Amino acid sequence: MEIIVLVKQVPDTTNVKLDPKTGNLLREGLTGIINPEDRHALEAAVHIKETMGGKVKVLSMGPSQAVDACTEAIGMGADEAILLSDRAFAGADTWATAFTLGKAVERIGKFDLILCGRQAIDGDTAQVGPQLADYLDIPQVTYVQDIETMNETCTTVKRQLENGYERIECQLPALLTVIGTLNRPRHAHLGRLIDACTAKAPIKVFNAADIGVVTSDVGLEGSLTQVSKTFTPDFKRQGKILDGPKEQAVSELLKNISNSDAATACKAFAASCELS
Amino acid sequence: AVPKEIPDFSDHEGVWVYAEQRDGVLAKVTLELLGIAQELGQERRQKVSAVLIGDRLENLTHDLIRHGADQVFLAEDPCLQPYRTLAHVKIMEDLINEHKPEILLIGATHIGRDLAPRLSRRVGVGLTADCTALSIDPEEKILLQTRPAFGGNVMATIANRYSRPQMATVRPGVMEARTDEAKAGTIIHCEVQLDEADIKTKVLEMFEEKRKHAPITDSKVIVAGGRGVNGEAGFQMLRTLADLLDGEVAGTRVVAEQGFVPADCQVGQTGKTVRPEIYIACGISGAIQHRAGMMNSRFIIAINKDPDAPIFKVADWGIIGDLHDVVPELVRQLTPAS
Ligand SMILES: Cc1cc2nc3c(=O)[nH]c(=O)nc-3n(C[C@H](O)[C@H](O)[C@H](O)COP(=O)(O)OP(=O)(O)OC[C@H]3O[C@@H](n4cnc5c(N)ncnc54)[C@H](O)[C@@H]3O)c2cc1C
Ligand SMILES: Cc1cc2nc3c(=O)[nH]c(=O)nc-3n(C[C@H](O)[C@H](O)[C@H](O)COP(=O)(O)OP(=O)(O)OC[C@H]3O[C@@H](n4cnc5c(N)ncnc54)[C@H](O)[C@@H]3O)c2cc1C
């Protein structure tokens with residue numbers, strides 16, 4: 001099986017710090033990690049390779065430091081990695097991202113399966129997978145929570161729904177987007193990591209010309225959507241701390257609720273407010 | 001760089017909603033989308049249309065009209081039920097190319113987020129994900145699409161100037177459905193010509209998990225617990241409080257993984273987005289991924305023994321203390337004296 005795994009480097013939002021004054025996200029000092037769901041895609045790919053043979057190739061688009069994500073992916077068992085890095089790629093929406101990745105997949109050539117995360121934790125759109133599948137004219141299954149069977153021509157997977165799942169049989173080649181319940185990703189193997197850092201490491205960096213795209217079709221210029229403004233949501237929270245002994249704190253709380261719209265939201269609160 | 005020239009889209013007209021249904025039951029978000037579609041339609045002086053795809057669904061058309069559709073495109077065929085990506089994409093693609101709508105809204109559900117991106121690529125348009133607000137720009141007359149990103153820490157307003165329809169998926173539970181019993185509408189039957197060989201997937205089985213509780217996304221009051229609740233006895237206590245308030249119990253990823261609340265009661269970036277009237281966070285630190293799912297609640301109450309817990313930053317009212325003291329006291333004061 002020839003498997004391509006899409007890996008996006010994202011800021012680690014688990015250790016996110018907020019500006020104590022404005023409540024804004026402090027982006028400085030955030031380390032880059034492999035998008036969590038992409039780890040699960042990688043694990044699945046390496047597992048399939050181990051049982052069926054074949055090769056796992058990682059494809060990532062991002063700034064030059066995204067090479068770290070490629071290195072780690074090789075540490076986890078990928079055979080080679082391609083990083084698409086060019087100033088022209090910056091500012092891409094999902095349309096332009098899927099196009100750029102699509103061109104690179106065409107350059108790679110033959111594949112049986114593409115695995116990727118359902119959603120990246122920064123952009124949060126879950127659009128790149130299905131858009132790439134359409135570009136390549138192959139079927140897709142999204143929200144894959146389990147891969148039951150796999151052979152050269154066909155796979156059976158469980159697709160998560162809001163209230164359960166469906167079992168889907170899908171012809172190959174196909175693209176699957178996976179979620180975290182799929183498996184437990186392995187840690188990178190130290191020896192492989194060290195190999196991946198050497199000059200002979202199987203990591204290639206391609207720019208726009210390498211994959212045969214003109215700069216007006218990629219990045220910000222090639223995008224169909226534009227972010228016209230970004231802002232931090234204004235919570236307008238009252239942020240009132242009620243202290244004192246618990247009896248007092250709780251009765252203060254109920255008093256506050258009774259003086260707000262919250263009392264109308266809930267009969268029990270309304271009743272208790274009349275009580276006190 | 002020179003700004004790109006904006007093509008002439010004057011031949012595009014109409015606000016469309018993809019009418020998601022499962023097993024012949026309309027998704028709630030479909031009705032919500034028709035609510036906002038009416039507003040946008042009024043502003044643009046354009047008709048609202050619903051596209052209903054499946055098999056034997058004529059009985060649903062009335063409900064779509066009642067909720068705001070001026071016309072319903074109905075595509076029926078056994079191969080369209082249940083939903084399969086390539087089948088529904090093909091029907092939508094043909095309809096869009098023939099009728100050229102200006103706006104297309106799709107629910108950000110597991111089906112909508114499967115269909116919309118694929119369709120957007122197919123018809124060559126941009127797509128905005130997971131919107132929580134939509135409006136028409138008064139000057140440019142384009143759709144302004146506002147969405148949370150970065151786990152809800154950043155809001156972005158996105159425009160789609162260079163392609164039509166302007167396409168967005170919209171979060172369930174955000175827009176308001178409206179009904180008008182007297183409303184009339186027309187039904188347009190669509191011809192379906194699909195080759196099973198082109199669909200490439202088969203649904204072998206659907207499995208519905210039995211639900212013992214109401215969906216937390218529908219609940220007006222949520223009592224949520226985190227690691228600080230510390231075990232089953234603690235959750236029993238939260239349930240007592242929730243019952244008193246006619247609410248549901250939910251939790252952080254930590255407690256969902258420990259099994260104290262079911263997976264579909266996890267609130268946050270990788271769980272549910274909720275917006276109840278009252279959200280009571282007990283023993284929850286307020287990690288960014290958790291806040292992403294509850295920040296838009298109307299009122300937030302936090303109970304935590306750590307005064308520096310980030311949850312207090314998004315709370316209207318906070319009590320610093322041990323929840324094992326505070327929650328029973330809250331229950332006591334809320335229980336009417338008999
Ligand atoms: C605030 C904000 C809002 C945005 N809103 C939109 C929007 O509504 N519509 C839109 O079209 N664009 C939007 N974008 C742009 C979007 O974030 C980028 O296009 C991004 O490159 C891909 O989208 P994503 O992060 O949402 O990926 P997703 O579609 O969520 O990613 C799914 C999977 O695709 C793969 N993948 C994604 N990107 C890459 C990559 N660069 N390299 C390798 N694999 C990858 C990964 O496996 C990932 O798990 C927004 C950007 C910002 C900053
Ligand atoms: C990609 C990703 C996605 C994630 N998605 C989600 C998600 O969807 N939802 C989610 O919730 N998390 C999610 N997380 C996890 C998140 O980062 C946090 O780890 C999690 O929310 C913490 O849960 P908690 O508040 O229950 O536990 P903790 O952070 O451990 O907080 C426990 C709190 O309880 C307080 N406490 C302890 N004892 C008491 C007591 N007796 N009385 C009062 N207070 C007490 C403590 O002071 C502390 O503040 C995600 C993480 C990642 C990396």
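What follows is a short chat about the ligand site and the aromatic contacts of this predicted model.

Me: Where does ligand 1 lie?
Reply: Between chains A and B.

Me: How many residues are around ligand 1, and which come nearest?
Reply: There are 32 around ligand 1. The nearest are A:Lys8, A:Asp38, A:Thr94, A:Thr125 and B:Arg147.

Me: What are the distances from ligand 1 oxygen atoms to polar side-chain atoms of A:Lys8 and A:Asp38?
Reply: For A:Lys8, a polar side-chain atom is 2.4 Å from a ligand 1 oxygen. For A:Asp38, the value is 2.5 Å, again from a polar side-chain atom to an oxygen of ligand 1.

Me: And what about the backbone of B:Ala129?
Reply: A polar backbone atom of B:Ala129 lies 3.1 Å from an oxygen atom of ligand 1.

Me: How much of ligand 1 does the protein cover?
Reply: On its own, ligand 1 has 940 Å² of accessible area, and the protein covers 90% of that.

Me: Which elements give two or more residues to the shell?
Reply: In chain A, strand S6 (55–61), H3 and strand S8 (113–117). In chain B, strand S7 (127–131), strand S9 (143–149) and strand S10 (154–159).

Me: How do the shell residues divide into nonpolar, polar and charged?
Reply: 14 nonpolar, eleven polar and seven charged.

Me: Switching to rings. How many aromatic pairs are there over all chains?
Reply: Five. One of them is A:Phe99 with A:Tyr135, 5.8 Å centre to centre with 90° between the planes, which is edge-to-face.

Me: Which parts does that pair tie together?
Reply: A:Phe99 is in helix H3 (residues 94–108) of chain A and A:Tyr135 in helix H4 (residues 128–136) of chain A, so the pair ties together parts 36 residues apart in sequence.

Me: Is A:Phe99 buried or exposed?
Reply: Buried, because its relative accessible area is 13%, under the 20% cut-off.

Me: Why does the pair B:Phe235 and B:Phe260 count as stacked?
Reply: The ring centres of B:Phe235 and B:Phe260 are 5.5 Å apart and the planes are at 10°, so the pair is stacked. B:Phe235 sits in helix H6 (residues 232–244) of chain B, and B:Phe260 in the loop between helix H7 (253–258) and strand S16 (278–282), 25 residues apart.

Me: How accessible are B:Phe235 and B:Phe260?
Reply: B:Phe235 is buried at 0%. B:Phe260 is partly exposed at 23%.

Me: Last one. Which charged end sits over the ring of A:Trp95?
Reply: That of B:Arg121, 3.8 Å from the ring centre. In chain B, B:Lys4 lies over the face of B:Tyr162, 4.5 Å from the ring centre.

Key
Residues are numbered from 1 along each chain as its sequence is written. Chains are lettered from A and ligands numbered from 1 in the order in which they are written. This is a predicted model: local features need pLDDT of at least 70, side-chain atom pairs count only at pLDDT 80 or more; totals for chains, interfaces and linings use all residues. Side-chain values use heavy atoms; hydrogens and water are left out. Rings of Phe, Tyr and Trp (its six-membered ring) pair if their centres lie within 6.5 Å; planes under 30 degrees apart count as stacked, over 60 as edge-to-face and the rest as tilted. Helices (H or I, at least four residues) and strands (E, at least two) are DSSP runs, numbered from the N terminus. Buried means under 20% relative accessible area, exposed over 50%, partly exposed in between (1.4 Å probe, protein chains only). A charge sits over a ring if NZ of Lys or CZ of Arg is within 6 Å of the ring centre and within 35 degrees of the ring normal. A residue is near a molecule or strand if one of its heavy atoms lies within 4 Å of it. A polar contact is a pair of N or O atoms within 3.5 Å; within protein, one must be able to donate a hydrogen and the other to accept it, and residues adjacent in sequence count only if both atoms are side-chain atoms. Accessible areas come from the Shrake-Rupley method with a 1.4 Å probe; for residues, only the protein chains shown count as cover. Ala, Val, Leu, Ile, Met, Phe, Trp, Tyr, Cys and Pro count as nonpolar, Asp, Glu, Lys and Arg as charged, and the others, Gly among them, as polar.
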